[in-house]
Amino acid sequence: MAETKKLLRALAGEVQDVPPIWMMRQAGRYLPEYRATRAQAGDFLSLCYNPELAAEVTLQPIRRYGFDAAILFADILLVPQALGAELWFVTGEGPRLSTITQQSDFDALKPVETIHETLSPVYETVRILSRELPSETTLIGFAGAPWTVATYMIAGRGTPDQGPAHALREENTALFEALLDRITLATIEYLSAQIDAGAEVVKIFDSWAGSLKGDAFQKYAVEPCRVITQAIKARHPGIPVIGFPREAGDGYIGFAKATGVDCVALDNSVSPEWGAEHVQVDGCVQGNLASSHMVTGGQALVDETRRIVQAFSNGPHIFNLGHGITPDADPENVQLMIDTVRGR
Ligand code: CP3
């Protein structure tokens, strides 16, 4: 059956006059309705594990803006939690986890088969969404890439340079690789369950891929993404996969061929002209407006949006930001971006 949804058509390689559009972190604190629902849930994790409220915040930006895709509301750090890590969020600072620095920490993790005990509310959110989304809206599921998830599990928090994870990788490679393998297997099961529940596309977020260089990038960013993508495609033929090796630079070149992803999401450290020449030659790309334009707005937003649409107009393209929208963004600037993309 020919695809009718704009996002799925782009992922199948179709070039469209008006690209489909959605936004990373589109359900988030810049929206007053999100803040209200989050207050109702209590804290962020309670919101992630409350299927009705998680579905509600996923739907909010669809109602307000009519994006072409909805992304499941959850977090990449639910997988470590399901594997037995402790996880909590410190207001104004970010996530905290119990750390993995030695073999005994790793040995205390739970087996992959048990993750669904923790993650089943997420699958329920997906089921609600696949019932409630408008027929033209594509539902995207997601997970963190093993390297990015490992950086949080090893350090117990976000780190500017992923130092603790690089240190473990060099000092105890066997433990580091065992951890990556465990996350890889858990991620396959997690994404597969999201697809069984109704996710139509899955995206793999490798937010810290940019700190892996050369051979390490191949081994710990490309290879796990390839393994996950191949497993998903073997189990769920026809399900498209989006890869996001953020700030990979030259690592973006050939990433789709090496991993089998259907689309490569670009951050805004590369120009759209460069992305069209070096990445879009292999297929669909997603991106890549700087999220700062959602704060500053004005003519610069319009000009840069048009430049991106133009640069990617000769191939399949999904319009998006280069990274998540920030809490200080103005909801009116989001509307201006959408109107510019859609030519209104
Ligand atoms: O994109 C979406 O709208 C879907 C939901 C989603 C969230 N996190 C919700 C969220 C997705 C896809 C993520 C991915 C995620 N989570 C990543 C990878 C993408 C990226 O941004 O690089 C990472 C690294 C995380 C881990 C994480 N979660 C951090 C570091 C933080 C704290 C920073 C912050 O923005 O506050 C979170 C919290 C988080 N995840 C929020 C949201 C909406 C804010 C929580 C709140 O409401 O207070």
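**A walk from the core to the ligand**

Start by selecting I140 and V264: of the 109 residues in the largest nonpolar core, these two touch the most other members. Helix α10 (residues 173–197) gives the most to this core, with 9 residues. Nonpolar core here means buried Ala, Val, Leu, Ile, Met, Phe, Trp, Tyr and Cys residues joined through C-beta atoms within 7 Å; buried means 20 or more other C-beta atoms within 10 Å of a residue's own, with C-beta atoms placed from the backbone. Helices (H or I, at least four residues) and strands (E, at least two) are DSSP runs, numbered from the N terminus.

A quick note: this is a predicted model, where local features need pLDDT of at least 70 and side-chain atom pairs count only at pLDDT 80 or more, while totals for chains, interfaces and linings use all residues. Residues are numbered from 1 along each chain as its sequence is written.

Next, grab α8, residues 146–155: 10 of its 10 residues are buried, so the helix is largely enclosed by the rest of the structure. W147, Y152 and M153 are among them. Step just past α8 to G156, which takes a positive phi of about 80°.

Now show the ligand. It has 21 residues around it, and R25, F44, G94, F205 and S207 are the closest; a residue is near if its C-beta atom, placed from the backbone, lies within 6 Å.

Last stop: the unreviewed UniProt entry's annotation "domain: Uroporphyrinogen decarboxylase (URO-D)" covers residues 20–29 and 140–156.

Conventions
Buried ≥ 20, exposed ≤ 12 C-beta atoms within 10 Å, placed from the backbone. UniProt positions renumbered as here; feature names shortened; annotations may be inferred.
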